[in-house]
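Reader: I have a sequence and a model on the screen. Please take me through the features in order and tell me how each is read.

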Amino acid sequence: MWHLLYKYRFEIFLVSQIAILFGSLIIPANVFIFLSPVLFYLNIVAGTQFVGKQEAGSIKVFAFVLIIIGGVFAFASWNEETNIFNYLKIAVLFVFHLVVSYNIIRQIWLAKVVNKNVIIGVISGFISLGLIGFFLCISIELIHPYSFSGIDSLADAENSITERLMYYSYITLMTIGYGDILPTTHLAQKATIVIGLIGQFYLVIVTAIVVGKFVNQNQVDSTNKEN
């Protein structure tokens, strides 16, 4: 089972990310509230497969701890109240996505052949950066309320503060910046700059490296066919 998860880790991780981001568009809000913890848990299980290959016992232990903690936090009700448990849950998810994003980018960087997994990894890596930005923004908002203006004006029954800050994170990561949500504190403004820079660095460096490998790979294949 574990070997099967590792084999399809890129596909499972990407599907779980897409389901978390866009599941509410096709699933009724009252149903998605109960389904989203399951999706987060699946995302965590798939993400642990990027920590490393299974030859090291320490990696297995670390992955097992991540699964247990992630399961507890995923199935706990996600609320917006400022309390110790909420801080701890966000902190663990933040660290988890940092570790997974690093390992995804590392595997992409070291890949010698650009295949399906590498392409899916590039997409998953970018989505993971958006989630990191989201956890950064929501942490700032919990510690310093009203660090972002415009999130209250968009409030309705189906849009929680978590969804609005997730939207803000991805809009900033892609450097679109509609201006409907604005950082109002010094810390929030610095975090916004960091998210925007990370998005640009990823596209310029990581994506460029993958494209370069793909071009070189095609040139080598063409040369081999000619010979």
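Author: Contact means heavy atoms within 4.5 Å. This is a predicted model, in which local features need pLDDT of at least 70 and side-chain atom pairs count only at pLDDT 80 or more, while totals for chains, interfaces and linings use all residues. Residues are numbered from 1 along each chain as its sequence is written, and side-chain values use heavy atoms, with hydrogens and water left out.

Reader: Which residues does V206 touch, beyond those up to four places away in sequence?

Author: V206 touches I105, I108 and F201. The C-alpha atoms of V206 and I108 are separated by 8.0 Å, although the two residues are 98 apart along the chain. V206 is placed in helix α8; helices (H or I, at least four residues) and strands (E, at least two) are DSSP runs, numbered from the N terminus.

Reader: Is V206 buried or exposed?

Author: Buried means under 20% relative accessible area, exposed means over 50%, and partly exposed lies in between, with a 1.4 Å probe and protein chains only. V206 counts as buried because its relative accessibility is 8%.

Reader: How many helices and strands does the chain have?

Author: The chain has eight helices and two strands, in the pattern α-α-α-α-α-α-β-α-β-α when read along the sequence. Of the 227 residues in the chain, 42% are buried. Among contacts between residues at least 6 apart in sequence, 72% join residues at least 24 apart.

Reader: What is a nonpolar core, and which residues have the most contacts inside the largest one?

Author: A nonpolar core is a set of buried Ala, Val, Leu, Ile, Met, Phe, Trp, Tyr and Cys residues joined through side-chain atoms within 4.5 Å. The largest one here has 43 residues, and those with the most contacts inside it are I108, F148, L165, Y170 and Y202. Two or more residues come from each of α2 (9-26), α3 (29-48), α5, α6, α7 (161-173) and α8. The most come from α6, which gives 14 residues.

Reader: Where is G121, and which residues does G121 touch?

Author: G121 is found in helix α6. Not counting residues up to four places away in sequence, G121 touches F10, I104, I108 and Y202. G121 is buried because its relative accessibility is 0%.

Reader: How many aromatic pairs does a search of the whole structure find?

Author: Rings of Phe, Tyr and Trp (its six-membered ring) pair if their centres lie within 6.5 Å; planes under 30 degrees apart count as stacked, over 60 as edge-to-face and the rest as tilted. The search finds three pairs. One of them, F126 with Y202, is tilted, at 5.7 Å centre to centre and 50° between the planes. This pair links distant parts of the chain, since F126 is in helix α6 and Y202 in helix α8, 76 residues apart. F126 is buried at 15% relative accessibility, and Y202 is buried at 3%. Another pair, F148 with Y168, is edge-to-face, at 5.3 Å centre to centre and 65° between the planes. F148 lies in strand β1 (residues 148-149) and Y168 in helix α7, 20 residues apart. F148 is buried, with a relative accessible area of 3%, and Y168 is buried with 6%.

Reader: What is the volume of the second largest pocket, and which residues are closest to its centre?

Author: On a 1 Å grid over the protein atoms alone, a pocket is an open set of points where a 1.4 Å probe fits, with protein on both sides within 12 Å along at least five of seven lines; lining residues have an atom within 4 Å of a point. Grid points are joined across faces, edges and corners, and a volume is the space filled by probe spheres set on the points. The second largest pocket has a volume of about 220 Å³. Its lining has 15 residues, and the closest to the centre are L98, S101, L129, I132 and I198. At least two lining residues come from each of α5 (84-110), α6 (116-143) and α8 (186-226).

Reader: How many of the lining residues are nonpolar, polar and charged?

Author: Ala, Val, Leu, Ile, Met, Phe, Trp, Tyr, Cys and Pro count as nonpolar, Asp, Glu, Lys and Arg as charged, and the others, Gly among them, as polar. The lining has 13 nonpolar, two polar and no charged residues.
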